[in-house]
Amino acid sequence: MIKISKLAKKFKIENPKKLSEQDKKDPRLQGRFFHSVKNVQLYCEQGEVLGLLGPNGAGKTTTLRVLSTALQADEGSIFIGDTDVINNPVEARKKIGFLSGSTGLYGRLTGRENIAYFGRLNGMSDADISAKVEQLADQLDMHTFLDRRSENYSTGMKQKTSIARAVVHNPKVVVLDEPTTGLDIMAANTVIEFIKSLKAAGVPVIFSTHHLDEVSELCDKVAVIDYGETSFEGSVDEFKQQSNEGLHAAFMACLNRGEKQ
Ligand SMILES: Nc1ncnc2c1ncn2[C@@H]1O[C@H](COP(=O)(O)OP(=O)(O)OP(=O)(O)O)[C@@H](O)[C@H]1O
């Protein structure tokens with residue numbers, strides 16, 4: 001179970017001149033601080049997949065980075081089962097598999113070595129790592145490139161390796177930031193099937209996406225973040241009911257942008 005309540009995270013702006021034009025006009029910019037996440041809540045039960053939606057800059061990545069302990073929250077609470085993530089980040093980290101958009105692979109290592117390295121960091125035995133890498137290579141269709149140096153991997157190969165690395169230690173929950181962005185249809189499909197296998201194994205998965213068809217196919221729940229606040233949280237059916245003109249219109253109906261601009 002993952003439960004986020006009233007989460008807030010702001011960043012100090014060291015150089016206001018470097019802000020993007022969009023950020024300069026954003027109501028979350030207050031003095032020297034940009035309040036990226038102001039009031040986010042979401043809840044994902046055992047075996048559920050939650051799709052995190054929101055326009056560019058809404059605060060999805062910031063939320064997922066706080067959830068995965070890469071960033072510290074300013075306010076709010078996060079629980080993974082009984083574990084208080086904000087007060088026990090070291091314990092929480094062992095329970096989380098996190099795919100971030102920004103973490104690179106070690107180019108001089110092969111895919112297998114990259115994944116094994118993370119397994120070792122998580123205290124796994126060599127035998128357990130070998131067995132798990134084989135299983136993940138089957139699931140993510142990685143055998144043809146697994147023993148090549150990762151520096152020349154395609155985007156899809158890199159993403160599959162990063163996903164395998166994120167879950168090698170059998171985390172209790174999995175958090176994926178835009179896992180299919182930039183992938184071709186086959187690689188995206190492999191990743192979607194992999195998320196389905198996590199769900200089947202009872203692992204809660206939260207993933208951010210801009211692809212509404214993935215939400216429809218994969219998710220039990222949807223949360224929409226707009227200007228750093230959860231503007232919708234509910235089941236996929238409830239999300240679809242936000243409009244009778246399709247998923248895109250349902251998403252737009254969750255934003256209420258006009259009220260804030
Ligand atoms: N370190 C930082 N310092 C200042 N502002 C930041 C920082 N990190 C993020 N922001 C701002 O916080 C807002 C939320 O960013 P975030 O990356 O969480 O959005 P997102 O919903 O993931 O967007 P996208 O869909 O484009 O990936 C953006 O306006 C961004 O510019």
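Where is Met1 found relative to β1? In this predicted model, Met1 lies in the segment before β1, a strand that covers residues 2–12. When neighbours within four places in sequence are left aside, the contacts of Met1 are with Cys44, Glu45, Gln46, Gly81 and Pro204. A further relation across the sequence is that of Met1 to Thr83, which are 82 residues apart along the chain and 10.0 Å apart in space, C-alpha to C-alpha.

One of the residues in contact with Met1 is Gln46, which is placed in the loop between β3 (33–44) and β4 (49–53). Gln46 also counts as partly exposed, since 13 C-beta neighbours lie inside 10 Å. Not counting residues up to four places away in sequence, Gln46 touches Met1, Gly202 and Pro204, and Pro204 is also listed among the contacts of Met1. Gln46 and Glu151, by comparison, are separated by 105 residues in sequence and by 36 Å in space, C-alpha to C-alpha.

The protein chain as a whole contains 10 helices and 11 strands. Its radius of gyration is 19 Å, which agrees with the value near 18 Å that a compact globule of 261 residues would have. Along the principal axes, the C-alpha trace spans about 55 × 45 × 40 Å. Buried residues make up 41% of the 261 residues, and, of the contacts with a separation of 6 or more, 69% are accounted for by residues 24 or more positions apart.

Among the helices, α4 (residues 111–121) has Gly111, Arg112, Asn114, Ile115, Ala116 and Gly119 as buried residues. These buried residues pack against α5 (126–139) and α6. Just after α4, Gly123 takes a positive phi of about 80°. The axes of α4 and α5 are 10 Å apart and the two helices pack at an angle of about 130°, so that α4 and α5 are oblique to each other; their crossing is right-handed. In the contact between them, Arg112, Ile115, Ala116, Gly119 and Arg120 of α4 meet Ile129, Lys132, Val133 and Leu136 of α5. By class, this contact of α4 with α5 has five nonpolar, one polar and three charged residues.

Helix α6 (residues 155–167), against which buried residues of α4 pack, is also paired with helix α7 (residues 185–200), the axes of α6 and α7 coming within 10 Å and crossing at roughly 15°. Because angles under 35 degrees count as roughly parallel, α6 and α7 are described as roughly parallel to each other. The crossing in which α6 passes α7 is left-handed. On the α6 side of the contact are Gly156, Gln159, Lys160 and Ile163, which meet Ala187, Val191 and Phe194 in α7. By class, the contact of α6 with α7 has four nonpolar, two polar and one charged residues.

Definitions and conventions
Residues numbered from 1 in each chain as written. Predicted model: local features only at pLDDT ≥ 70, side-chain atom pairs only at ≥ 80, totals over all residues. Helix = DSSP H or I, 4+ residues; strand = E, 2+ residues; numbered from the N terminus. Rg over C-alpha atoms; globule rule 2.2 N^0.38 Å. Buried ≥ 20, exposed ≤ 12 C-beta atoms within 10 Å, placed from the backbone. Contact = placed C-beta atoms within 7 Å. Axes fitted to C-alpha atoms, helices over the stretch in contact; angles between N-to-C directions. Parallel < 35°, antiparallel > 145°, perpendicular 65-115°, else oblique. Left-handed = near helix turned anticlockwise from the far one by under 90°. Nonpolar A, V, L, I, M, F, W, Y, C, P; charged D, E, K, R; others polar.
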